[in-house]
Amino acid sequence: MTETLHFIDGQFVPSRSGKTFDKRSPLDNRLMGTVAEGGREEVDAAVLAARRALHGDWGRMPVDKRVAMLHAVADGITQRFDEFVAAEEADTGQPRHVMQHAFVPRGAANFKIFADIIKNVPTESFMLDTPDGAGALNYAIRKPKGVVGVISPWNAPFLLMTWKVGPALACGNTVVVKPSEETPASATLLGEVMNSVGVPPGVYNVVHGHGPDAAGEFLTRHDEVDGITFTGETRTGTAIMKAAADGIRDVSFELGGKNAGIVFADCNFDDAVEGIFRSAFMNTGQVCLGTERVYVQRPIFDRFVAALKARCEAVHYGRPGAPGSNYGPLISQEHKAKVLSYYAKAVAEGATLVTGGGVPQMPADLAAGAWVQPTIWTGLPETASVVREEIFGPCCHIRPFDTEAEVVALANANRYGLSTTIWTQNLSCAHRMAAAIEVGITWVNSWFLRDLRTPFGGSKQSGIGREGGVHSLEFYTELRNVCIKL
Ligand code: NAD
Ligand code: 6OD
């Protein structure tokens, strides 16, 4: 049994109230331990510690030293790689290879990339002509935004939390993180790394707890928080934006998606099947960039559906690291109930069930876990719930199309605009599609292939702002202009 504590001002502490909540394993619903339930007092203590650090050692630290420290954080993560993998595995139940090859290495990379970027960022300057001929020099300086509230979800906890904390710290801010209540472990472990490499107390703080009327909301409403960066559901984004409006605080949002995968008849067939399989079913479909709507050009439609069905039926459910296991459970019993309610709705609304649609037969020791089958439907209109709404589970609806214009209209007819994946060997078609589809990220013949220097974020109701590379600086710094009359 574990006891997960807050990390405030460099110390691991319980809640003053003594309140905790239970953490259960997604694999078998076993009680794994308790997590401190933060309230106003913990949020207040963390934010004030962050404010002190901002004006103290961290604020005064030369950039070179800060950059070296963030490299040391990245190295510290790498040195404790197996512990981070174990923490993520225990919280999410996802396959070990996903943690080892994708999610945990990104934690270290998220610190390195922004440390390197901050060393090399130029600022603009202008020479102004003045009537007396002397001129005036304008130049911009970048300052940290201040105390940044980071609110993160459970689906790729360490990757997504460090994707915010890395640039925030690189830019000289201090942070208070409120990780998802479902996945508290890796954020807490990172506190140990911060202490071990000498990051000053108060620079990185973690308060555990829930969202509405709890630690999450208290953080977003705190007067001493200068900006809020959030990844999660669109409707939570709405609540956070309202809270931020009260203090005129800036927000950066990475929200939900209902992403289209588009497969043209001229694609490399095997690559497309594998690519769509990954985009729809990796992490048990719990990826914001994942594909829940698939459009396949008519000449290859039946063959594609059959191939994807076969791929789904070949998954191996199991514990992370068990021989052959490549498919995990959903995050929780609540999420399982939500996904299964969509499985029922799809059938009620007239779907043809190609595969899945329920709960797999599991061995006795895993039977109580949050397992659901990878599921494919066809035959639904675009108005059906499972075609319009984000489910965030291992499922997709596949529909045939004939022309480029038709599929562009289908893909765009949704309130979300996060990402798309397009499979074709016709590069001109790929360029036309990329320009026409209303999303923040288009992948062609690939999916979730990330270059951290590029702008990342969502269009429409999938987000506000772009992070990644120098774009992260737009949120995590304030630009000030200085004008000197010569
Ligand atoms: P969620 O919105 O339920 O929770 C995210 C975080 O917000 C949690 O820490 C939660 O405690 C907190 N929270 C909830 N209500 C709050 C409130 N009123 N005030 C302050 N904090 C609050 O999301 P989730 O279920 O953890 O994650 C899944 C969602 O995240 C999906 O919609 C997915 O698409 C989205 N997501 C988006 C991206 C992206 O890059 N666009 C990435 C990952 C996940
Ligand atoms: O790769 C990233 O930076 C990122 N934010 C990924 C989001 C994954 C969503 O589940």
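Me: Two strands pair if DSSP finds at least two bridges between them; a strand is a DSSP run of E with at least two residues, a helix a run of H or I with at least four, both numbered from the N terminus. What makes strand β19 and β20 a pair?

Reply: A word on the source: this is a predicted model, where local features need pLDDT of at least 70, side-chain atom pairs count only at pLDDT 80 or more, and totals for chains, interfaces and linings use all residues. Residues are numbered from 1 along each chain as its sequence is written, chains are lettered from A and ligands numbered from 1 in the order in which they are written, and side-chain values use heavy atoms, leaving out hydrogens and water. Now the pair: β19 (residues 419–423) and β20 share 4 bridges in the parallel sense, and the rule asks for at least two, so they pair. Ile422 has Val444 of β20 as its bridge partner.

Me: Why does Thr420 count as buried?

Reply: Buried means under 20% relative accessible area, exposed over 50%, and partly exposed in between, with a 1.4 Å probe and protein chains only. Thr420 has 1% relative accessibility, so it counts as buried. Thr420 lies in strand β19, and its side chain reaches the backbone oxygen of Ala260 at 2.7 Å. The limit for a polar contact is 3.5 Å between N or O atoms; within protein, one must be able to donate a hydrogen and the other to accept it, and sequence neighbours count only through side-chain atoms on both sides.

Me: How does the salt bridge of Lys309 and Glu313 look?

Reply: Their side chains meet at 3.2 Å, N to O. Both residues lie in helix α11, 4 residues apart, about one turn of the helix.

Me: What polar contact does Arg106 make with ligand 2?

Reply: A polar side-chain atom of Arg106 lies 2.8 Å from an oxygen atom of ligand 2. A backbone N or O atom of Cys288 lies 2.9 Å from an oxygen atom of ligand 2. The protein covers 99% of the 300 Å² of accessible area that ligand 2 has on its own; such areas come from the Shrake-Rupley method with a 1.4 Å probe, and for residues only the protein chains shown count as cover.

Me: What makes Leu486 exposed?

Reply: Its relative accessible area is 51%, and exposed means over 50%, so the label holds. Leu486 is found in the segment after β23 (477–485).

Key:
A salt bridge is a side-chain nitrogen of Lys or Arg within 4 Å of a carboxyl oxygen of Asp or Glu.
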